Every structure is written in C-alpha cells, then in structure tokens.
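Work through the exercises below with the sequence and the structure open. Each task is followed by a solution in steps.

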Amino acid sequence: MMAESHHDHPHDHTHDHAHDSGGHVHGLTRGGELAGVSDSRLLWAVALNQLLTVGQVIAGIFSGSVALLSDAAHNFNDANALLIAYIARRISRRDANQRYTFGYRRAELIGATINLTSLGLIGMFLIYEGIRHFIEPQEIVGWLMASAAGLALIIDVGTAVLLWSMSQGSINVRAAFVHNLVDALGSLAVLLGAAAVIWWDWTWIDPLLTLIIAGYVLWQVATMLPQAARILMEGAPHDFDFDAMVSAVQAVPAVEGAHHFHLWELDEQRTALEAHVVIAKSNARDLEAIKQTLKELLQHEFGIEHSTLEFEFSDHDCPDNHDCY
C-alpha cells in the first residue's frame, strides 16, 4: 500500500449508512422481522411467550411428558428471540458515537449467540431424555399434557394474530407471522400426541415427538450459530460472489485497477466494503462521478450499501511483493 505522505493522490473515505429494516431476513435474529411491530405489541408477545415457556416446563415435569419440555425449549428460543429483539431495538436507538462508530445493532447478534448456545445444550439433553424414555417408558398424565399443549396452541395463534394486523404492509412482519404459525404446528403435534396417549395409551409417541422437536431445535442451532459467529468475526456473506464483485468494479470505465478489498457483514441486513480504486491522473476531475458510479453498482448489483472507497492514481504501481488485493 502506498504511503500518503510521499504520494500526491486523493483519498475519498465516503461512508454510506443504510438503515433498511426491509432487508432480506436470514432468520438468525428477529429484529428485522419485527421492525414494523410497535413496542407495546412486541412486549405483549414477549410476555405471552415467556409465560408459555414457564407453563410448559411445569406441565412437562408434572405430566412426565418430555415432548412438552421439547416444545418448551422451542418456545424458550422464540421467547428469548422476541426479548432480545426488543432489548436490541431499545439499544439500537442510541446514536453512533466515538466509541461505537457503527452503532449498537450487533447487540441482537450477541444475545442470539448466547441464546443459541444455551438452546443447543438443552436440545442435546432432550435428545438424551427422549432416547431414555424409549428404553424406559414413563407414565404420562395425558390430560395435563393435552391442557398445556392446547394452551400453547392458543398462545401461538394469539401471537400470530397480534402480528397479523401489521403484516399486510411489511414482508418482514409477515415472516414473523409465519414463524409463529410454525410454532403453532409444533404445539398442535404435541396436542395430537396427548390425544393418542389418552385414548390409546400410546406412551411411545411422547419420546418420538421429543426426538422430532429436539432434532428440529438442534438443526436450527446448527444452521444459525455458524452464521452468528461469521458475522461477529466480520466475515463476508456466505453466498456472496466476491470474484464477480471485483470483476464488476474493475470493468467500470476509467477504473484501471482495484485492490485491498475488505468485505464484511455489519449485521444481518447490512454489508460493508472497503477498497482501493486506481484511476489515471487525467480522470481526477471526474473522481466524484466515478465514485458515484461505483457506489451505485455496489448497492444495486451486490447489496452493499455501506462502502468506503479510497482512490489512487495509476502512476503509483503496487509492488508485486505486497498484498494489494
């Protein structure tokens, strides 16, 4: 990299911040989904789901149903995700400052990482319990299992209804609505399992449901935890075509070369880029137009709404023994 003090070349460190709550949702956190939900409704959803988790755990213990405990673990994840989204929303409203120049939006990622780690441990414990109950069948109080599952179904549907009225104007809130419908299907499965226990004494269905639900929970952890780690490690999006981006930048007229590319995810909705762009001195007066062309290309073709571009003149060649890419 060329030293500023020895070369007469312009540097343009322009930062574009995008606060697009409508960005595509990966499912790692729920802040994007719930961006269009009012604080009061979000708090109601948090309270309902937290109470549901506690109720399912108590009912699971007293009924002897590990399927209820598995569904409680699933709801525990959703309840915590809602709570983390609410807390992160409050924190993210703070302005960026000299200590946190990108703001506080990664607070939700930190909370999600803690939540997913604890959920993974719970999921492994439930897999163990499900296998143990297959080997050593336990007596199950069917009516208590059915009551708790029915309550869970009502609350899941109630949470979905709470979001439905706001889902018409936002694809992200619709995603949250669908999320809660999936939760309701899990509760419905446990309710049907309880009916099988009551009517036909099929106690084996309880550990079977446990393994299915716990397996789904662990699949969620295995899918989302690496994503959280990648973002916190400032990695590039996993499906990003880096070579295509470099080629597109270098193909822009008046751009003679580009190097020192650094690409990372700020959070689930925003990707950032730093790069050095080489132009001829004769194009110095067109620098602003070139910069604008590059920024529009990066935003519209590659979804990069925060870019920092440093311009250099082509008479400063990059030595072969330097990392200029």
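**Exercise 1.** Determine why strand β1 counts as largely enclosed by the rest of the structure.

Solution. Strand β1 covers residues 255–265, a strand being a DSSP run of E of at least two residues, numbered from the N terminus. Nine of its eleven residues are buried, so the strand is largely enclosed by the rest of the structure. Buried means under 20% relative accessible area with a 1.4 Å probe, counting protein chains only.

The model is predicted: local features need pLDDT of at least 70 and side-chain atom pairs pLDDT 80 or more, while totals for chains, interfaces and linings use all residues. Residues are numbered from 1 along each chain as its sequence is written, and side-chain values use heavy atoms, without hydrogens and water.

**Exercise 2.** Identify the strand that β1 is joined to by eight bridges, and describe the sheet.

Solution. Step one: the partner is β2 (residues 271–279), which runs antiparallel to β1. Two strands pair if DSSP finds at least two bridges between them.

Step two: the link between β1 and β2 is a hairpin of five residues. Val255 has Ile279 of β2 as its bridge partner, and Ala258 has Val277.

Step three: the open sheet has three strands in the order β1-β2-β3, with mixed pairing. Its edge strands, β1 and β3 (306–313), each pair on one side only. On average, neighbouring strands are turned by 15° against each other, direction ignored.

Step four: helix α7 (residues 242–250) packs on this sheet and touches β1 and β2, its direction making about 145° with that of β1. Touching here is contact, heavy atoms within 4.5 Å. Axes are lines fitted to C-alpha atoms, for helices over the stretch in contact, and angles between N-to-C directions run from 0 to 180 degrees.

Definitions and conventions. Buried < 20%, exposed > 50% of the residue type's maximum accessible area, 1.4 Å probe, protein only. Helix = DSSP H or I, 4+ residues; strand = E, 2+ residues; numbered from the N terminus.
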